[in-house]
Every structure is written in C-alpha cells, then in structure tokens.
Amino acid sequence: MTVSEFFLQERLGLLMEYVLTSAEMKASDKAAIETYGISSLVLMERAALQTVKVIIERFGAEVYVGVMTGSGNNGGDGIAIARILQEQGIRAEINMIGDLSKLSEETAIQLETAKKLNIPIYYGVEHTVYDVIVDAIFGIGLTREVEGIYRRAIEAINASKAKVVAVDIPSGVNADDGSIMGCAVKADVTVTYAYRKLGLMLYPGASCSGEIICAPIGIPKEVTNNKRTGVVTFTDVKKDLQFPERDPAGNKGTFGKVLLIAGSKTMGGACFLSALSAYRTGAGMVRIFTAADNRESLLKKLPEAIVDTYQDVECGAEGLAISQGESNTLLSGIEWADVVAIGPGISVSEKAKAILTVVLAVCEKPMVLDADALNILSQNEELLRNLEYGHKKYDNDIILTPHIGEFSRLLKCPVAIIKKDLLHCCKTFIKKYDVSLVCKDARTIVAKRGKLTYLNASGNDGMATAGSGDVLTGITAGFLAQGCSGFEAAVMGTYTHGLAGDLARKKTSAYYIMAQDIIKSLKDILI
C-alpha cells in the first residue's frame with residue numbers, strides 16, 4: 001500500500017469511495033456478469049430490493065407509489081420495484097414511458113412478470129397523483145437532450161406534489177459531468193447502485209439528486225480493488241476519526257512552524273484568519289510576514305503569533321520594490337519555518353510580486369500558494385514556469401488553492417469552459433505543473449499527477465463568504481506543518497474545512513456563517 005493510499009484509507013479514519021463515470025460503471029456491471037457470473041437480473045433484483053427498503057424507511061408502507069419507467073435497464077429496475085412493493089402490500093402502479101419496441105432483454109422479462117402478477121400498467125404520462133413517484137425513466141447512459149414524451153414525463157414529475165425517488169440517477173442528469181440534458185427530474189432521494197456517479201456529485205446535477213444513498217447490489221469489491229486511476233471521495237466519518245498523531249512529549253517546535261506571508265495594508269484580516277486557522281489545526285508556531293499597518297492589530301488579536309513586517313509601498317528607500325532589510329527578514333523567516341504559506345490579501349503590487357519572487361527562488365520547504373500569489377503567477381509567465389515539471393528548482397511539495405476565477409486566470413481559459421469539464425481542466429493543469437491542485441468550487445477538486453483525484457463532498461453554500469479561502473490556507477498549512485505530504489494536506493485540509501462549515505451551518509444557518517464561524521467549528525472536529 002502506498003503512503004497516499006494509507007492516508008486515504010487509514011490516517012483520517014474515513015471510508016473512501018470511488019466515484020465512477022458512466023463507462024466505468026458499465027464496465028463494473030460487465031465484470032460482475034461476465035467475470036464473476038452474477039447475472040444482470042440478479043443485480044436488477046438486488047437494486048430493486050434496496051430501493052424498496054429506502055422507500056419504506058423514508059415514507060412508510062401506507063403510500064401510493066407510481067413508477068415511471070423507460071425501456072432500458074433503468075426501467076427494468078423500476079418495474080421490479082413496483083412488483084416488490086406490491087409483494088409488501090404497498091399499492092404500486094407502473095407508468096411505461098419508454099418505447100416498447102426498444103425494451104432491453106431484462107426489462108422485457110420484468111414487464112412480462114408484472115403483467116402476470118396483474119400490477120396496474122399505464123402507457124404514457126396520464127397518472128402522476130401519487131404519494132411517491134419512482135423515477136426509472138433514464139439511467140446513467142443518457143447522452144442526448146431529453147425531448148418529446150420523456151420531457152413531458154419529467155415535467156409532470158416535477159410538477160407533482162409527490163415525493164420523488166430516483167433510480168440510480170435522476171433522469172436527465174448526465175452521469176459524467178452533472179450537466180442537465182434539457183431538463184431533469186428533481187429528486188428528494190436518489191438510490192444509486194454500487195458506486196456514486198460523478199453526475200450526482202457535480203453541479204448542477206447535484207442540485208437534482210436530493211439525499212444520495214449508495215446501495216450495494218452485489219458487485220464484488222474485487223472489481224475496483226486494483227483501480228489506480230479515477231476519482232474518490234469521502235462520504236462517511238468513523239467515530240474514531242483521527243488526524244496527525246500528537247507526540248505527548250512534544251513541544252511547540254515538534255508540531256511544525258508555519259511562515260505565513262499575507263495581508264497588505266488594506267487586507268489585514270486575511271493574515272489573521274489564516275494564522276488562527278493554522279494554530280487551531282495544531283501547528284505549533286506561526287510567524288507572519290505582513291504589511292506594517294497590520295502589526296498592532298495582529299498582536300492584539302493573536303498574541304501567540306510572531307509578527308514581522310514590511311512597508312507596503314511601491315519602492316523602498318533604495319528604490320527597490322523590496323528593501324535589503326525586508327529581504328533579510330523574509331529570508332530569515334523562510335529559514336526558520338517548516339512550511340511557507342503565501343498569498344492571502346497580499347495584493348498584486350510590485351512589492352507583493354517581489355516577495356513572491358524571493359520565496360519561489362529560495363524556498364525549499366513545502367508551500368501553500370493562495371489568492372493573490374496565484375493572481376501574480378497568472379500575470380507573470382516566468383514565475384509560473386518555476387512550477388512546471390522540468391523547471392521546478394526544488395523537490396518540495398507545493399499546493400495551489402485557486403477558486404474557479406483564479407484557476408481560469410492560471411489556465412488562461414474562460415470560467416464557462418472550465419465549468420463544463422472541471423475534472424479534465426484540473427488534469428490538464430497537473431500534467432504540466434508539479435503541484436497539488438486544490439480547485440475550489442461548489443465541489444472542490446484535489447488533483448496531483450500520479451494520484452487518484454479527490455472530489456470533496458463536505459461543505460455548503462454558507463461557506464461562500466469573505467475569508468473562507470484564507471481559513472482553508474491556514475488549515476492546509478497546519479496539516480502540512482505536522483508532517484503530511486502536500487497531497488495529504490490538500491485532501492485533509494479541504495475535507496476538514498468543509499466539515500467545519502457544515503457544523504457551522506448546523507449550529508446556525510447558511511445565511512449566518514462567517515469565516516470565523518468555520519474556525520470555531522474546528523474544535524468539534526479535531527478531537
């Protein structure tokens with residue numbers, strides 16, 4: 001087992017799940033059927049049983065259920081669901097939306113069985129007055145725009161007052177990228193089979209999925225045991241959640257020293273939030289290199305920190321962007337530190353550019369580059385080239401944490417294009433640059449060449465607030481200082497940041513959350 005695999009499966013105490021594309025899921029089904037001899041009808045029956053279990057658990061047995069079915073195997077799942085519901089004494093009906101001339105072999109068998117058992121079957125979209133509607137129109141193979149009778153069916157489902165349970169994925173959602181294929185069912189619950197699908201987790205598809213329940217249907221674990229490419233996520237936290245081990249005989253130096261280069265004279269709060277987050281994540285010492293205007297405020301709010309300063313003006317006394325004295329102070333801080341984090345609130349001035357240039361030229365320590373450091377890189381090709389494979393001066397871990405706008409500037413690609421295929425854009429970037437990339441969006445992606453790509457499922461829209469990114473920088477630097485590799489710290493930091501945001505929302509609401517609320521919630525996670 002590699003170090004990264006140990007981290008993903010053991011150190012955090014998390015359950016790692018693969019998130020599959022449509023093609024990967026079809027390959028898994030095929031392997032189960034052809035390699036392990038588990039028939040398609042057996043898999044279908046197990047899927048139906050799992051879905052019926054969810055329906056009864058969520059909505060009880062005194063419900064009237066309408067199953068909307070297509071002609072593919074997703075429709076076969078739906079017909080089997082109606083049959084099992086009837087066996088359980090629950091009133092269920094089938095509404096066949098699909099083309100009868102195009103029924104898959106398994107769905108045709110299920111339909112004949114349903115007829116023999118006298119389950120009510122309607123053809124078209126005439127009946128939608130139910131307590132629960134099961135959406136089994138399209139599965140993960142949808143690749144074209146939804147139109148005609150299928151569109152009318154989806155619109156009727158969405159207009160109904162029924163609770164909606166989607167089979168595997170809401171009809172109309174692209175399983176690979178979460179895009180909406182013209183229109184899509186808005187489910188209250190999605191029961192997805194064997195593995196989560198990318199389209200369920202990426203937006204806008206995630207907005208249609210409701211509560212996602214990943215149900216086992218008997219596909220052997222051996223199918224993905226040796227998988228070394230693709231996407232993983234964490235969706236469950238064990239009770240014994242563990243972070244980097246603390247040495248009971250340690251001291252403040254044992255747990256890592258972070259040099260934080262942050263905060264211009266108009267953005268003093270950024271360095272405070274990042275520094276406090278690094279401390280609250282377990283870093284032993286934090287030294288801040290910031291604009292002189294921030295010194296007094298920082299020492300009052302965070303007396304634990306060491307504060308070094310520079311004059312936030314365009315040119316020093318010697319006519320240089322950074323004076324010799326300031327450069328010496330910066331070099332001393334880099335030598336002192338175990339980890340360097342740079343960027344929050346430093347601006348894109350010539351002074352900030354000069355500071356970043358020094359750091360990239362001399363720092364052999366692990367680094368986190370965020371915010372304005374990334375904006376400076378995007379404006380200066382020569383600086384950015386320092387991070388390319390073959391041009392990187394030192395073999396140190398570097399983490400970049402751009403939000404989607406900053407990533408757009410780094411990649412020289414419009415945001416709209418990136419959003420259409422965020423995973424591909426992230427992979428394109430890490431093929432060129434020797435970094436761990438944390439691309440922050442509604443679903444954050446963590447990617448590094450040679451590693452499984454991590455798709456973060458924690459966090460919420462309340463975290464879209466000023467300073468939230470500064471908090472992530474501090475958390476990530478804190479974990480990095482305690483001995484995590486760059487990729488480990490990036491994944492751990494992203495997941496922890498989201499968990500803290502979720503706790504903050506639970507305590508108050510998404511409307512109320514500020515960056516400091518995320519930091520306060522760390523105390524309930526890091527135990």
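Lys412 sits in the loop between helix H16 (404-411) and helix H17 (415-420). Its phi is positive, about 55°, even though Lys412 is not a glycine. Keep in mind that this is a predicted model. Mean pLDDT for the protein is 93, and 94% of its residues reach 70 or more.

**Confidence**

- Residues 1-13 are the stretch to watch: pLDDT stays under 50 there.
- For those residues the model has 28 contacts beyond four places in sequence.

- An open sheet is built from 7 strands, and going across you meet them in the order E4-E3-E2-E5-E6-E7-E9, with parallel pairing.
- Strand E4 (121-123) and strand E9 (211-215) are the edges; each has a single partner strand, so one side of each is left without a neighbour in the sheet.
- On average, neighbouring strands of this sheet are turned by 20° against each other, ignoring direction.
- If you want a residue pair to look at, Ile94 stands opposite Ile121 in E4.
- Helix H4 (residues 73-87) lies across strand E2 (64-69), E3, strand E5 (132-136), strand E6 (163-167) and strand E7 (189-193).
- The angle between H4 and E2 is about 160°.

**Helix pair H12 and H13**

- Helix H12 (residues 324-336) and helix H13 (residues 350-362) have axes that come within 11 Å and cross at roughly 40°.
- H12 passes H13 in a right-handed crossing.
- On the H12 side, the contact is made by Glu326, Leu330, Leu331 and Ile334. H13 brings Lys351, Ile355, Val358, Val359 and Val362.
- Sorted by type, the residues of this H12 contact with H13 are 7 nonpolar, no polar and 2 charged.

**Helix pair H19 and H20**

- Further along, helix H19 (residues 468-481) packs with helix H20 (residues 486-507) at an angle of about 135°, and their axes are 8 Å apart.
- That angle makes H19 oblique to H20.
- The crossing of H19 and H20 is right-handed.
- H19 supplies Ser468, Val471, Leu472, Ile475, Thr476, Phe479 and Leu480 to the contact. From H20 come Gly486, Ala489, Ala490, Met492, Gly493, Thr494, Thr496 and His497.
- The tally for the contact of H19 with H20 is 8 nonpolar, 7 polar and no charged.

**Backbone spots to check**

- Pro204 is in the loop between helix H7 (198-201) and helix H8 (205-209).
- Ala194 has a positive phi of about 75°, again without being a glycine.
- You'll find Ala194 in the loop between E7 and strand E8 (196-197).

How values were computed: Residues are numbered from 1 along each chain as its sequence is written. This is a predicted model: local features need pLDDT of at least 70, side-chain atom pairs count only at pLDDT 80 or more; totals for chains, interfaces and linings use all residues. Side-chain values use heavy atoms; hydrogens and water are left out. Two strands pair if DSSP finds at least two bridges between them. Helices (H or I, at least four residues) and strands (E, at least two) are DSSP runs, numbered from the N terminus. Axes are lines fitted to C-alpha atoms, for helices over the stretch in contact, and angles run from 0 to 180 degrees between N-to-C directions. Contact means heavy atoms within 4.5 Å. A crossing is left-handed if the near helix is turned anticlockwise from the far one by less than a right angle, and right-handed if clockwise. Ala, Val, Leu, Ile, Met, Phe, Trp, Tyr, Cys and Pro count as nonpolar, Asp, Glu, Lys and Arg as charged, and the others, Gly among them, as polar. pLDDT is the predictor's confidence in each residue, from 0 to 100. Angles under 35 degrees count as roughly parallel, over 145 as roughly antiparallel, 65 to 115 as roughly perpendicular and the rest as oblique.
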